[in-house]
Amino acid sequence: MKRLYLDVDEVLEKCTINELRRVVYEPSFITSLEGKKLTAHFISKIGADKFWILVKKVVTSEKTNKMQCANYGEVLLLAWKNAAKDGVHRLQHRLERIFMDIVYYSLQHLRYNKKFMAMLEPLGKARSKQIDAMIYRTFEPNLWRSLKAANETVRCNACCLFLPFYPFVSDDDIVCFNLREQSIGVIPVWLRVLFTAVLL
């Protein structure tokens with residue numbers, strides 16, 4: 001795998017898109033760091049949207065476990081970092097849209113939502129100023145609304161997603177201040193969810 005990663009340009013040149021897609025569809029390929037790094041490079045050739053369709057199929061498979069889902073999340077994060085470093089803003093933006101989708105699916109009342117949550121774990125482990133800003137951008141469209149949702153399961157999922165990523169940070173000082181205010185407002189919601197769970 002290490003050898004393949006060292007020859008990534010050659011691999012991309014010689015492999016067809018269908019061959020790369022078959023590799024992506026195999027979760028065991030991304031168990032090693034080199035496999036993840038290599039797969040992150042495949043995204044530019046496969047296309048971010050098509051890659052995401054493949055990953056969703058794998059994640060929602062009964063055979064796929066949470067660790068494998070986290071590995072796919074790490075691949076997406078590596079691809080995002082590569083795009084940010086190389087100044088490929090279009091791909092970077094597209095990958096952020098994919099993370100928004102992952103957040104959305106994590107919040108839903110689906111039997112797969114925990115698997116999508118697992119895909120976000122690598123973000124929490126790799127926090128930095130740049131990644132914190134990305135976390136805010138990708139969580140913001142759905143998380144705060146879900147914390148106020150009428151559906152108890154959605155609220156509970158939102159709390160489960162909120163806590164590991166607290167505190168949320170933006171690269172905008174005014175937004176940061178508002179985030180602190182919003183975050184304080186989450187505590188009563190979380191306590192209600194916790195209290196309800198204890199009663200059940």
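Colleague: What percentage of the 200 residues in the protein chain is buried, and what does that word require?

Modeller: In this predicted model, buried residues account for 44% of the 200 residues in the protein chain. A residue is placed in that group because its relative accessible area is under 20%.

Colleague: Which elements of secondary structure does the protein chain contain?

Modeller: The protein chain has 11 helices and zero strands. Along the sequence the pattern therefore reads α-α-α-α-α-α-α-α-α-α-α.

Colleague: Among contacts between residues at least 6 apart in sequence, what percentage joins residues at least 24 apart?

Modeller: In the protein chain, 73% of those contacts do.

Colleague: Why is Ile-135 called buried?

Modeller: Its relative accessibility is 0%. That value lies under the 20% limit, so Ile-135 counts as buried. Ile-135 belongs to helix α9, residues 129–147.

Colleague: Which residues does Ile-135 touch, once neighbours within four places in sequence are left aside?

Modeller: Ile-135 is in contact with Leu-123, Arg-127, Phe-165 and Phe-168.

Colleague: How do you know whether Thr-60 is buried, partly exposed or exposed?

Modeller: Thr-60 has 27% relative accessibility.

Colleague: What does Thr-60 touch, apart from residues up to four places away in sequence?

Modeller: Thr-60 touches Tyr-112 and Phe-116. The C-alpha atom of Thr-60 is also 8.9 Å from that of Arg-111, a residue 51 places apart from Thr-60 along the chain.

Colleague: Which residues of α4 are buried, and what follows the helix?

Modeller: The buried residues of α4 include Leu-38, Phe-42, Ile-43 and Ile-46, and also Lys-36. After α4 comes Gly-47, with a positive phi near 105°. Most residues other than glycine have a negative phi.

Colleague: Which residues touch the most other members of the largest nonpolar core?

Modeller: Of the 53 residues in this core, they are Met-119 and Phe-139. The largest share of the core, eight residues, comes from α6. Beyond its neighbours within four places in sequence, Met-119 has contacts that include Trp-52, Cys-69, Ala-70, Leu-76 and Ile-102.

Colleague: What lines the largest pocket?

Modeller: The largest pocket, with a volume of about 200 Å³, is lined by 13 residues. Nearest its centre are Ala-70, Glu-74, Glu-121, Pro-122 and Lys-125. The elements that give two or more residues to this lining are α6 (66–86) and α8, and α6 gives the most, with eight. The lining divides into seven nonpolar, one polar and five charged residues.

Colleague: Which helix gives the most to the lining of the second largest pocket?

Modeller: Helix α8 does, with five residues. Both α8 and α10 (152–165) supply at least two residues of a pocket of about 160 Å³. Among its lining residues are Lys-66, Met-117, Glu-121, Gly-124, Cys-160 and Phe-165.

Colleague: Why is Gly-124 called partly exposed?

Modeller: Its relative accessible area is 30%. Because this value lies between the 20% and 50% limits, Gly-124 is partly exposed. Gly-124 lies in helix α8, residues 113–125, and its C-alpha is 9.4 Å from that of Tyr-166, 42 residues apart along the chain.

Colleague: What kind of peptide bond joins Tyr-166 and Pro-167?

Modeller: The bond is cis, with omega about 0°. Most peptide bonds are trans. Pro-167 is placed in the loop between α10 and α11 (173–199).

Terms used
Residues numbered from 1 in each chain as written. Predicted model: local features only at pLDDT ≥ 70, side-chain atom pairs only at ≥ 80, totals over all residues. Heavy atoms only, no water. Helix = DSSP H or I, 4+ residues; strand = E, 2+ residues; numbered from the N terminus. Buried < 20%, exposed > 50% of the residue type's maximum accessible area, 1.4 Å probe, protein only. 1 Å grid on protein atoms, 1.4 Å probe; cavity = no way out; pocket = protein on both sides within 12 Å on 5 of 7 lines; lining within 4 Å. Points joined across faces, edges and corners; volume = space filled by probe spheres on them. Nonpolar A, V, L, I, M, F, W, Y, C, P; charged D, E, K, R; others polar. Core = buried A, V, L, I, M, F, W, Y, C linked by side-chain atoms within 4.5 Å. Contact = heavy atoms within 4.5 Å.
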